[in-house]
Amino acid sequence: MGFAYDFDWGVLWRQPYGIWLLQGLWLTIKIGFLGWIIAFFWGILIGTLRVTPWRWLRFFASAYTEIFRNIPFLVQLFFWYYAGPMLFGETFGRQINQIVGLNFYVAVLALGLYTASRVAEHMRAGFASISPDQYQAVLSTGMTQYQMYRYVIIPYALRIITPPLTTEFLTIFKNSSVAMTIGVAELTFMSYRIDAETFHGLEATTGAMAIYLVLGLTVVRVMSIVENRFKIPGMVGR
Amino acid sequence: MFDAVARNIGFLMGGFGVTLQLSFFALTGGIALGALVGLGRISKNKWIYRPITLYVNFIRNLPLLLVIFWFYFVMPIIAGRPLNPFLSAVIAFIIFEATYFGEIFRAGYQSISKDLSAAAYSTGMTYTQTARYILVPIAFRRMLPSLITQSIVTFQDTSLAFVIGLQEFVRRTSIVDNLEVRSIQLYGFVAIVFFIFCFIGSKISRHFEEKGRKTGLL
């Protein structure tokens, strides 16, 4: 019945395919980490702006989160990659398009900006879970608004939201696979490329799945150490 | 300003129709399977609990894009003949989203306390009546905001079917962009359309959340 399929698991370690997968993994890790750095700091800033006393800053921050959360990441990525350079005008846009490895930089930036909106939402939830008394207590010590956020509220909120941030950190590696659509040769791209060369896409994608699982488990391991380190004593874990 | 969009509006909206179809099948299938997965996740029988939990944790650790590819490669082998990408995409979405919906259902089922069913029984209600009039409505109202949010995510996720050549909204836009080279307006248009739908959806979700909080349900 049907057409027979000859499994050839050798594509996972036969060269150059085995090395392709490892190169892809390396790029996946790089995109994830660099994107996370942007997402983390930009997300904290946006999340904090949402609770500041200045109306226009609050408006900007909430508009930012709504826009970035309600448009598919693929569309965002295409917009930045294909339309982004043109936003700078004809001549300058053409110069940007000549940058070597532009797709990698765009992928990192787009992933960072997108994930920042999610970090900002967690940040807001973190602020909301701190009781108003705490804010007043801090201000009564004579700290300014800026000092209050910088030294008390933000560090406190960050420790509260460490578990959801861990989940976001895991998600960023998964979302980095979308970068393949603009030709970034990360792990999913490589498994697809092996299919194009050998017609053994099933084995290649299964191998890539295994690599993603190992990556995910490693991240969970590392993050559980981080979570324990930053856990607020006396609070229940998740 | 949107001249290239206007010239190709029929073709583009046809793609949006495919996106809506894909979302419809992914959501009905994903929610139905998710309701069962949620039951499996609270099962006391380890032969049900363990495989279901393994399936959920396995899928949730993978990028959706890779799952779409995997089903695209594996479906023809199972079926023994080439399949159209739409069918393999729908199956991939159902299998993938059901794990996310399953966790929502699990939380919903677990939010029902034993006291509540005991109280219903004590009024003389039968099991069916208790489930029909007390447990299911309350669990459903508690889950509703998360279900809507995840439905929006699923709707956005369907754009990833782009990678197996399915002519949905984004794929058709990129086809038009290759001819017209009007990236700003074309991708801007897709972004606006997605935004309107998802923004309204998120407002509805928030409405039910507020309502639940006010009535003390959440």
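Guide: Over all chains, the structure holds 10 salt bridges. This is a predicted model, in which local features need pLDDT of at least 70 and side-chain atom pairs count only at pLDDT 80 or more, while totals for chains, interfaces and linings use all residues. Residues are numbered from 1 along each chain as its sequence is written, chains are lettered from A and ligands numbered from 1 in the order in which they are written, and side-chain values use heavy atoms, with hydrogens and water left out.

Visitor: Why is the pair A:Glu168 and A:Arg118 called a salt bridge?

Guide: The term requires a side-chain nitrogen of Lys or Arg within 4 Å of a carboxyl oxygen of Asp or Glu. In this pair the closest N and O atoms are 2.8 Å apart, so the pair meets the rule.

Visitor: What makes this a link between distant parts of the chain?

Guide: A:Glu168 is in helix α8 (residues 162–175) of chain A and A:Arg118 is in helix α5 (residues 102–128) of chain A, 50 residues apart. Helices here are DSSP runs of H or I with at least four residues, numbered from the N terminus.

Visitor: How many salt bridges does the rule find across the interface of chain A and chain B?

Guide: The rule finds one. B:Arg206 pairs with A:Glu66, with 3.3 Å between the closest N and O atoms; that is within the 4 Å limit, so the name applies.

Visitor: Which elements give two or more residues to the side of chain A that touches chain B?

Guide: They are α2 (55–69), α3 (73–83), α9 (187–198) and α10 (201–230) of chain A. The most comes from α10(A), with nine residues.

Visitor: How many residues are in the contact between the chains?

Guide: Contact means heavy atoms within 4.5 Å, and 35 residues from chain A and 39 residues from chain B take part.

Visitor: What is the area buried between chain A and chain B?

Guide: About 3400 Å², of which carbon and sulfur atoms give 78%. Buried area is the accessible area (1.4 Å probe) that two parts lose on being put together, summed over both.

Visitor: Which residues does A:Leu12 touch?

Guide: A:Leu12, in the segment before α1 (17–49) of chain A, touches A:Gly18, A:Leu21, A:Glu203, A:Ala204 and A:Gly207, leaving out residues up to four places away in sequence. The C-alpha atoms of A:Leu12 and A:Glu186 are separated by 16 Å.
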